[in-house]
Amino acid sequence: MRIVASLAALCSSLLADMVTVLRKHRSIRVSLKEASSEEMVKQVREGSADLAICWDAADLTGSTTQPYRCDHACAIVPRDHPLARRKSVRFVEVLAYDYVSAMPGSMMETRLRQHAGATGMPMVPRVELQSFNGVAGVVAAGLGVSVLPREVVEPLAGSLALRIVPLAEAWSTRQFVICF
């Protein structure tokens, strides 16, 4: 089975879910690759992938989908940051600080830029990285704040002295789907 998945899905629940299935079905062989949501849907349409695990915000026209899991975009800040004591924050409050960008050009970063534009507060990253771990490390070092999926950053939060603060935005919950 050829599966393509978003980095967020790979870093949160997908691998554990796959282990459960593969232990039950020993004859299944899997090739798993990471790709952007748009690229995943394209690969499924073209037949170069059997399944995609992607954000439902992608253009899924003509695809068959099934709900998979949700993730939750949250602010990540150093433990001693002024936002760390909050129960939730608005995205515009996050933008008031130096921002650390995760995967510039990704669908999530594109959407965050759109939300920033709607607030009239541009998203101007101080640091841009291509990995969730890198972003978490830079935030922990006190060089800025970021927005990442809670499910991805929770395993890192304790060891890196990070605080995860939920976003008080309706759009902060993302639905992932299985596309085939």
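This report describes the cysteines and the salt bridges of the structure shown above.

## Basis of the values

The structure is a predicted model, in which local features need pLDDT of at least 70 and side-chain atom pairs count only at pLDDT 80 or more, while totals for chains, interfaces and linings use all residues. Residues are numbered from 1 along each chain as its sequence is written, and side-chain values use heavy atoms, with hydrogens and water left out.

## Cysteines

With a disulfide taken as a pair of cysteine sulfur atoms within 2.5 Å, the count comes to 0 disulfides. Cysteine 11 is in no disulfide, and the nearest cysteine sulfur, which belongs to cysteine 74, is 15 Å away. Cysteine 179 is likewise in no disulfide, its nearest cysteine sulfur being that of cysteine 54 at 5.1 Å.

Accessibility is stated here as buried (under 20% relative accessible area), exposed (over 50%) or partly exposed (in between), using a 1.4 Å probe and protein chains only. On this scale cysteine 11 is partly exposed, with a relative accessible area of 36%, whereas cysteine 179 is buried at 0%.

Side chains of opposite charge can pair when their charged atoms come close. The structure holds 9 salt bridges, each defined as a side-chain nitrogen of Lys or Arg within 4 Å of a carboxyl oxygen of Asp or Glu. Helices (H or I, at least four residues) and strands (E, at least two) are DSSP runs, numbered from the N terminus. One of the salt bridges joins aspartate 50 to arginine 2, with the closest N and O atoms 2.9 Å apart; aspartate 50 lies in the loop between α3 (37-46) and β3 (51-55) and arginine 2 in strand β1 (residues 2-5), 48 residues apart. Aspartate 50 is partly exposed at 32% relative accessibility, and arginine 2 is partly exposed at 35%.

Two further pairs involve strand β6. Arginine 126 and aspartate 98 meet in a salt bridge of 3.4 Å, N to O; because arginine 126 is in strand β6 (residues 125-129) and aspartate 98 in the loop between α4 (91-94) and β5 (99-102), the pair ties together parts that are 28 residues apart in sequence. Arginine 126 is exposed at 51%, while aspartate 98 is partly exposed at 41%. Arginine 113 pairs with glutamate 128, the closest N and O atoms being 3.8 Å apart, and this pair links helix α5 (residues 107-119), which holds arginine 113, with strand β6, which holds glutamate 128, 15 residues apart.

## A linked group

Salt bridges also form a network that links Arg150, Glu151 and Glu154.
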